[in-house]
Amino acid sequence: MDNSLRSEGNQLNVQQMIEERKQKKSIGERIEKIVPWFLLLCASVSVLTTVGILFTLLRESIGFFSNVSIFEFYTGTSWSPWSGHYGVAPLIGGTLLITVIATIVAVPLGLMSAIFLSEYASDKVRRTIKPVLEVLAGIPTVVYGYFALTFITPMFQAIIPDLGIFNALSAGFVVGIMIIPMVASLSEDAMNSVPNALREGALGLGATKLEVVFKVVLPAAFSGIVASVVLAISRAIGETMIVTIAAGATPNLTMDATQSVQTMTAFIVQAATGDTTFGSTIYYSLYAVGMTLFVFTLVMNLIAQYISRKFKEDY
Amino acid sequence: MSNVTKVQKEKNEGTAVPKVNKKETKKAENSVINVNDLNLWYGSNQALYEISMDIPEERVTAIIGPSGCGKSTFLKTLNRMVEMVPIVKTSGSINYRGNDIFSNKYKKEYLRTKVGMVFQKPNPFPKSVYDNVAYGPRVHGIKKKEVLDQIVEKSLKDAAIWDEVKDRLHENAYGLSGGQQQRVCIARALAVEPDVILMDEPTSALDPISTAKVEELVQELKEKYSIVIVTHNMQQAARISDKTAFFLSGELIEFAETDDLFQNPQDKRTEDYITGRFG
């Protein structure tokens, strides 16, 4: 084959040039073979890291559960490790309270922004607003935390005089603000990918713009929207800085948002930055709490994936 | 003059020939949409120039012309769908049964229930066949299940697809073939009982058999509806339409009885186009 091609390529010489280059290409061929392995190596770094973290979490958690029974850990309602109470419920409760408040703030606002951007905004407006919205996602969370403590809390105190300096309400509220861009941006992507033909179809039947949005676009983008919400919730669960600064450090099993609560993440910060002795039960409890947190976010991510696959509309 | 149907049609156009089918004569008299001096711009690009034509009632009007001649734009102007592009400007007037469709008093949503549309690519909603057809009636406030059931069945029957889908009404319309989807879309348009149906190259994405079915359906539908169909297929225009309009570069070059237009074009450009000299 090589010979025939070469003889045919006489007039143009391109084939000949390719052939000549092919002779020299042994190094190139080796690179060709090595590169995929190199790429695989890069890809496996993150996988291996995850596996490593998971392994450490598990091993240290097992160490913890040899001191404190797993039953006590998950059913106890008092968390005061310095006096030997290891019931994780107040931390989980604190995390959930913050997450619920954040979700209540972020989902309506994020979704409405997404609808506006995708369905109503002109190209020019969209091109201005979307980057601004995405800047919100780039603000360091410690700034958000400070903002919650020094701006939002005093503001809420004007309305709710009993509100403490540290409270779940402003922390949850600001976590909500932080995840709005995530909900808005991902939902907007989902709505944008609904083909225009569907909108035309509905408009052509005499539907109003609002009817098109709520009866065609939102149902068609449902899976993407739900996935964005679940991912945002998972982000809220894992949020650390804002709650550490603004929600306080009082493990408190309560649904009262005006009180100070401690989340799982905030406890980890507290214990990891404090004078916790290496090898102590408190030290190991970090891993048990971390493990619990990991399971929470993992489950949320799996739900997000499941929903986006299950309700995927084919258009 | 050699063609028999053409002779008949000519007679129909003429005032009083008692022998011909009365219905045809009546049809020829009434128009459902009157377009006067319509100009349309996309931003600063003018896409339509001084279009004036009357769309006849209960007949099939075909619009032909090369790509980019403005035929789809014109069609979409008839139910104001063209305004989905925000930079569109128009001048001139379009009257639907005496109502100025550009008037603020005449709601475009209402217009679109009267002047329905079938699109180039089948665009069923990602819902069941039933929900697709029931969408229009539901949007306009019909909620009773028995009523919807009747509407859905009647529309699907009118769109000649009932037998193919009656056992899978509650399956996603995306599971149907392209041709079936397009007929479901036609059923969806019929479900709001429009007066006029605009079809924008409805068969261009379909295989020949599905195309034949849709063409046959168009013939049945003109008993009850006035149909305007844009097509890039001249044979199709000749097969299914009663009147044909030829558009070129945003202008209406010629508008005549289909047989006249194809056999005896009055304009040199029409002749060039239909004989395949360009386009």
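**A loop residue and its surroundings**

Reply: B:Arg80 is found in the loop that runs between helix H3 (71-78) and strand S4 (88-96) of chain B, where helices (H or I, at least four residues) and strands (E, at least two) are DSSP runs numbered from the N terminus. The model is predicted, and local features need a pLDDT of at least 70, side-chain atom pairs count only at pLDDT 80 or more, and totals for chains, interfaces and linings use all residues. Residues are numbered from 1 along each chain as its sequence is written, while chains are lettered from A and ligands numbered from 1 in the order in which they are written.

B:Arg80 is not a glycine, and yet its phi is positive, at about 60°. Its surroundings can be described by counting: B:Arg80 has 21 C-beta neighbours inside 10 Å, so it counts as buried (buried means that 20 or more other C-beta atoms lie within 10 Å of the residue's own, exposed that 12 or fewer do, and partly exposed is in between, with C-beta atoms placed from the backbone). B:Asp37, which is not a glycine, has a positive phi of about 50°. This aspartate, B:Asp37, lies in strand S1 (residues 31-42) of chain B, and B:Asp37 is exposed, because it has 11 other C-beta atoms within 10 Å.

Turning to helices in chain B, the axes of helix H5 (residues 129-139) and helix H8 (residues 178-190) come within 7 Å and cross at roughly 30°. Here axes are lines fitted to C-alpha atoms, for helices over the stretch in contact, and angles run from 0 to 180 degrees between N-to-C directions. H5(B) passes H8(B) in a right-handed crossing, that is, with the near helix turned clockwise from the far one by less than a right angle, anticlockwise being left-handed. On the side of H5(B) the contact involves B:Val129, B:Asn132, B:Val133, B:Tyr135 and B:Gly136, and on the side of H8(B) it involves B:Val184, B:Ala187 and B:Arg188, two residues being in contact if their C-beta atoms, placed from the backbone, lie within 7 Å. By class, this contact of H5(B) with H8(B) holds 5 nonpolar, 2 polar and 1 charged residues, where Ala, Val, Leu, Ile, Met, Phe, Trp, Tyr, Cys and Pro count as nonpolar, Asp, Glu, Lys and Arg as charged, and the others, Gly among them, as polar.

Chain B in turn meets chain A, with 24 residues of chain B in contact with 19 residues of chain A. Helix H9 (196-203) and helix H10 (209-220) of chain A each supply at least two residues to the side that touches chain B, and H9(A) gives the most, with 6 residues. That side of chain A has 9 nonpolar, 5 polar and 5 charged residues.

H9(A) and H10(A) have axes that come within 10 Å and cross at roughly 145°, and their crossing is right-handed. A:Leu198, A:Arg199, A:Ala202 and A:Leu203 of H9(A) meet A:Glu211, A:Val212, A:Val216, A:Val217 and A:Ala220 of H10(A); by class, this contact has 7 nonpolar, no polar and 2 charged residues.

Finally, chain A as a whole has 14 helices and 2 strands, and of its 315 residues 38% count as buried.
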